[in-house]
Amino acid sequence: MLALLGFSMIGVFMFLIITKRMSAMVALVTIPIIFALLGGFWTGLGDMMLEGIKQVAPTGVMLMFAILYFGIMIDAGLFDPLVSKILSIVKGDPLKIVIGTAVLAMAVALDGDGTTTYMITVTAMLPLYKRIGMNPLILTCVAMLSFGVMNMTPWGGPTARAVAALQLDVADVFTPLIPVMAAGILWTLFTAFVLGKRERKRLGIAEIQYSKEEKLVISELSATAAMENTKRPKLIWINFLLTVTLIICLVASVLPLSTLFMIAFVIALMINYPKLDDQKERISNHAGNVLAVVGLVFASGIFTGILSGTEMVDAMANSLVAVIPESAGPYFAIITAVTSIPFTYFMANDPYYFGVLPILAETAAVYGVDPVEIARASLLGQPVHAMSPLIASAYLLVGMAGVEFGDHQKFIFKWALGSCFVMIFAALAFGVLTF
């Protein structure tokens, strides 16, 4: 009964936001409360919601200061040369622009952080999409597909969780997955090619005017509407070194992400805008983006808090495991790979890898399937996991690109699902998964 209630809640939530009958923020709060009450969870509901909010609070704080930090970098003009360089390569060709989006997103995603990946990619590429009139849903789709594949690196999160949960060696899990990730990268580039080809057919190749130095006039392309008096060209190398240092610290986990972004934001603000009035103006300029994204993050805390507190998520996991017939035992690695797609979409990484994965590995061991294969298989649903409404950075991506969350879900779904199955087939072909 709990499993049915949980699946129904997810289904109603997705229906309402995809059909635009309710905004994501409103749905994240109201739908789980209604279903919890229908399930008889009258007592303790407030504690469940508060616990969920506490769990997402560090993410909310991190996103708030990340948006402010990169907003300052955008205002100061840090990414203007990057936009110019990309434009000089792709010019006005939509096909090259979409492929360039994929390459940039995959390169940035090597740091394993979705927030950084989306902010830098959208900041650099959205001006091109707006200038030529391209569909911004292509930008969000390609950026998310890129991150979904690259997030399988050991420092990205899912792999580390799988290794820790099953007490395995990280090299045994990750190294065989490298050719599988290569297949995922090729699928992302193929998707970019198909979508770029369509846009080229629809729009043609735009004529972009260059200066004598072959650099684009950034002020005509800026997607942030930052005034020229906010630019700090003399500080570009200082801002670049600060950003590189921040990314290194993020990868090395020198401090919690939220505190790193807080410190970096304060330093960036003082360096670029030492006057108090300028600081107030810059913060006010980005307040709208902060409120929109962080509000969604805390709303998602209500959703996950109720989903976990009512134990709906446990019942959903157990019900899916229970339907696997005994005769399918030898194929448990493949089954784990396929079921990781809905599992990781419906729940965050922690409950899946620390709650569900050990159950799957234990069950698979009965049929002689090595736990290391189950760990590898559990990672192959990451492209769909990246689009989950429970992932905070997904709201950041759509918010920055100015698209509706429901529209993005409809647009990316088949491509993300294709990415998962391409990697599953590659895993079978390379012997990463056996049966």
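**Close-up views of a predicted model**

**View 1. Glu311 in the loop between helices H13 and H14.** At a relative accessibility of 47%, Glu311 counts as partly exposed. The model shown here and in the other views is predicted. The loop that holds Glu311 runs between H13 (276-309) and H14 (312-322). The phi of Glu311 is positive, about 65°, although the residue is not a glycine. Most residues other than glycine have a negative phi.

**View 2. Helix H1 and the residue Lys20 just after it.** H1 covers residues 2-18, a run of 17 residues. From first C-alpha to last, H1 reaches 24 Å, close to the 24 Å expected at 1.5 Å a residue. Which residues of H1 are buried? They are Ala3, Leu5, Gly6, Met9, Ile10, Phe13, Met14, Leu16 and Ile17. Lys20, just after the helix, takes a positive phi of about 60°.

**View 3. Packing of H1 on helix H20.** Two packed helices are described by the angle between their axes and the distance between the axes. For H1 and H20 (residues 405-429), the angle is about 105° and the axes are 7 Å apart. H1 is therefore roughly perpendicular to H20, because angles of 65 to 115 degrees are placed in that class. On the H1 side, the contact is made by Met14, Ile17 and Ile18. These meet Phe405, Gly406, Gln409 and Lys410 of H20. By class, the contact has four nonpolar residues, two polar residues and one charged residue. Met14 and Ile17 are also among the buried residues of H1.

**View 4. Glu404 in the loop between H19 and H20.** Glu404 lies between helix H19 (392-401) and H20. Is Glu404 buried or partly exposed? Glu404 counts as partly exposed, because its relative accessibility is 48%. Along the sequence, Glu404 and Met144 are 260 residues apart. In space, their C-alpha atoms are 15 Å apart.

**View 5. The largest nonpolar core and Leu380 within it.** In soluble globular proteins, nonpolar side chains tend to be buried together. Here the largest nonpolar core has 136 residues. Those with the most contacts inside this core are Tyr69, Tyr129, Phe261, Ile374 and Leu380. Helix H3 (residues 45-76) supplies the largest share, 13 residues. A second, separate core has seven residues, including Ala36, Met48, Met49 and Ile302. Leaving aside residues up to four places away in sequence, Leu380 touches Met152, Leu177, Val180, Ala337, Ser340, Cys420, Met423, Ile424, Ala427 and Leu433.

**View 6. Val149 in helix H7.** H7 spans residues 136-150 and contains Val149. Val149 counts as buried because its relative accessibility is 0%. Which residues does Val149 contact, leaving aside its neighbours within four places in sequence? The contacts are Met181, Gly184, Ile185, Thr188 and Ser419. Ala183 is 34 residues from Val149 along the chain, and the two C-alpha atoms are separated by 9.4 Å.

**View 7. Phe346 in helix H15.** H15 covers residues 332-346 and includes Phe346. With a relative accessible area of 17%, Phe346 is buried, because the limit for that class is under 20%. Phe346 touches Phe7, Ile10, Leu307, Met316 and Leu390, not counting residues up to four places away in sequence. Of these, Ile10 is one of the buried residues of H1. Phe346 and Val313 are 33 residues apart in sequence, with a C-alpha to C-alpha distance of 8.1 Å.

**View 8. Lys231 in the loop between H10 and H11.** The loop holding Lys231 runs between helix H10 (178-203) and helix H11 (236-252). Lys231 has a relative accessibility of 13% and so counts as buried. Apart from residues up to four places away in sequence, Lys231 touches Ile74, Asp75, Ala76, Gly77 and Asp80.

Conventions:
Residues numbered from 1 in each chain as written. Predicted model: local features only at pLDDT ≥ 70, side-chain atom pairs only at ≥ 80, totals over all residues. Heavy atoms only, no water. Helix = DSSP H or I, 4+ residues; strand = E, 2+ residues; numbered from the N terminus. Expected span 1.5 Å × (residues − 1). Buried < 20%, exposed > 50% of the residue type's maximum accessible area, 1.4 Å probe, protein only. Axes fitted to C-alpha atoms, helices over the stretch in contact; angles between N-to-C directions. Parallel < 35°, antiparallel > 145°, perpendicular 65-115°, else oblique. Contact = heavy atoms within 4.5 Å. Nonpolar A, V, L, I, M, F, W, Y, C, P; charged D, E, K, R; others polar. Core = buried A, V, L, I, M, F, W, Y, C linked by side-chain atoms within 4.5 Å.
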